[in-house]
Amino acid sequence: MQIKIFKDYNKLSFATAEIIINQVKEKPDSVICFASGDTPKLTCHYIVEKATKHRVDFSKVTFVGLDEWVGIPPSDSGSCHFFFRKNLIEPLHLTEAQVHLFKALSNDLKVECIKMDESILSCGGIDIILVGIGLNGHIGFNEPGTSPELYSHVKDLDALTIQTGQKYFNHTMPLQKGITLGFKHFNEAKKAIIIANGLKKAEIIKKTVEEGISIEIPASIINQHRNGYILLDEEAASLISPDFKHKL
Ligand code: PGA
């Protein structure tokens with residue numbers, strides 16, 4: 001695992017977008033998994049900008065949505081569906097056949113999980129998984145304590161996730177569960193990237209980098225990834241102690 005630090009959120013997002021663009025240029029049929037959320041928003045903007053400017057062909061890419069709030073309709077502007085469609089799927093003109101998203105209104109979420117796992121398997125596995133990190137260290141909805149042996153699954157949300165998740169919605173939302181890719185997907189992805197910006201993420205980034213691998217800090221699983229990167233702005237990196245700078 002390697003850590004890279006950028007001056008600010010803008011530079012972090014620009015560089016992260018460049019990684020995705022280069023991936024698609026090198027392997028046009030790449031399978032790319034993205035998180036939604038505030039962190040990857042500007043990365044999405046730069047991906048679309050670069051793809052348009054340099055005519056990068058996304059027509060063979062497979063896009064996988066990392067997770068979704070259970071019970072929230074895709075039309076809700078706070079849903080992950082809505083984020084993916086607005087920020088990536090529509091501006092990159094991805095077709096329905098190219099896109100795999102969890103249907104979190106389904107009566108049978110287990111079937112949804114199986115379908116997602118089979119889709120990922122049938123397109124040859126994930127080339128790049130790009131995730132943000134929650135204040136409790138979650139990646140996707142893999143909350144603290146989640147088994148590292150899981151592929152797609154449904155998870156009860158932490159109180160902190162329910163509380164911070166309200167920021168995506170226009171009104172108070174009774175969030176309870178999430179449907180998410182699992183650690184197995186993260187570990188098996190050919191490249192795994194965690195991005196974080198801002199002082200509010202500094203404490204959990206310090207723990208992720210310094211406290212070893214623990215299911216209590218889900219993002220720490222990246223420490224064992226053979227091709228894992230933590231991309232940070234200076235604020236998110238500000239509490240990493242000098243002893244761990246060798247990971248830079
Ligand atoms: P954020 O969410 O990008 O909105 O900070 C990160 C997360 O909870 O995974």
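**Entry 1: terms and model**

A crossing of two helices is left-handed if the near helix is turned anticlockwise from the far one by less than a right angle, and right-handed if clockwise. I examined a predicted model, in which local features need pLDDT of at least 70 and side-chain atom pairs count only at pLDDT 80 or more, while totals for chains, interfaces and linings use all residues. Residues are numbered from 1 along each chain as its sequence is written, and side-chain values use heavy atoms, with hydrogens and water left out. Helices (H or I, at least four residues) and strands (E, at least two) are DSSP runs numbered from the N terminus.

**Entry 2: helix α2**

I looked up α2, which covers residues 41–53 and has 13 residues. From its first C-alpha to its last, α2 reaches 19 Å, close to the 18 Å expected at 1.5 Å a residue; the expected span is 1.5 Å times one less than the number of residues.

Which residues of α2 are buried? I noted Thr43, Cys44, Tyr46, Ile47, Val48, Lys50 and Ala51. Buried means under 20% relative accessible area, exposed over 50%, and partly exposed in between (1.4 Å probe, protein chains only). The elements that cover these buried residues include the helices α1 (9–26) and α3 (80–89), and also β2 (31–34), β6 (128–131) and β9 (191–196).

**Entry 3: α1 against α2**

I next took the pair α1 and α2, whose axes come within 8 Å and cross at roughly 50°. Axes are lines fitted to C-alpha atoms, for helices over the stretch in contact, and angles run from 0 to 180 degrees between N-to-C directions. α1 and α2 are therefore oblique to each other; angles under 35 degrees count as roughly parallel, over 145 as roughly antiparallel, 65 to 115 as roughly perpendicular and the rest as oblique. The crossing of α1 and α2 is right-handed.

From α1, the contact uses Tyr9, Asn10, Ser13, Phe14, Thr16, Ala17, Glu18, Ile20 and Ile21, and from α2 it uses Lys41, Leu42, Thr43, Tyr46, Ile47, Lys50 and Ala51. Contact means heavy atoms within 4.5 Å. By class, I recorded 9 nonpolar, 4 polar and 3 charged residues in the contact of α1 with α2. Ala, Val, Leu, Ile, Met, Phe, Trp, Tyr, Cys and Pro count as nonpolar, Asp, Glu, Lys and Arg as charged, and the others, Gly among them, as polar.

I then followed Ser13 of α1. Ser13 counts as buried because its relative accessibility is 1%. Leaving aside residues up to four places away in sequence, Ser13 touches Leu42, Thr43 and Tyr46.

**Entry 4: α2 against α3**

I found that α2 and α3 pack at an angle of about 35°, with their axes 9 Å apart. Lys41, Cys44, Ile47 and Val48 of α2 meet Phe83, Asn87 and Leu88 of α3.

**Entry 5: two loop residues**

What is the phi of Arg55? I read a positive value of about 50°, although Arg55 is not a glycine. Arg55 sits in the loop between α2 and β3 (62–65) and is exposed, with a relative accessible area of 76%.

His93 also came up: its phi is near 55°, a positive value in a residue other than glycine. I located His93 in the loop between α3 and β5 (99–100); His93 is exposed, at a relative accessible area of 66%.

**Entry 6: Met116**

Is Met116 buried or exposed? Met116, in helix α4 (residues 109–122), counts as buried at 4% relative accessibility. Not counting residues up to four places away in sequence, I listed Val64, Gly65, His100, Leu101, Phe102, Ser152 and Leu181 as residues that Met116 touches. Met116 and Gly65 are 51 residues apart along the chain, and their C-alpha atoms are separated by 9.6 Å.
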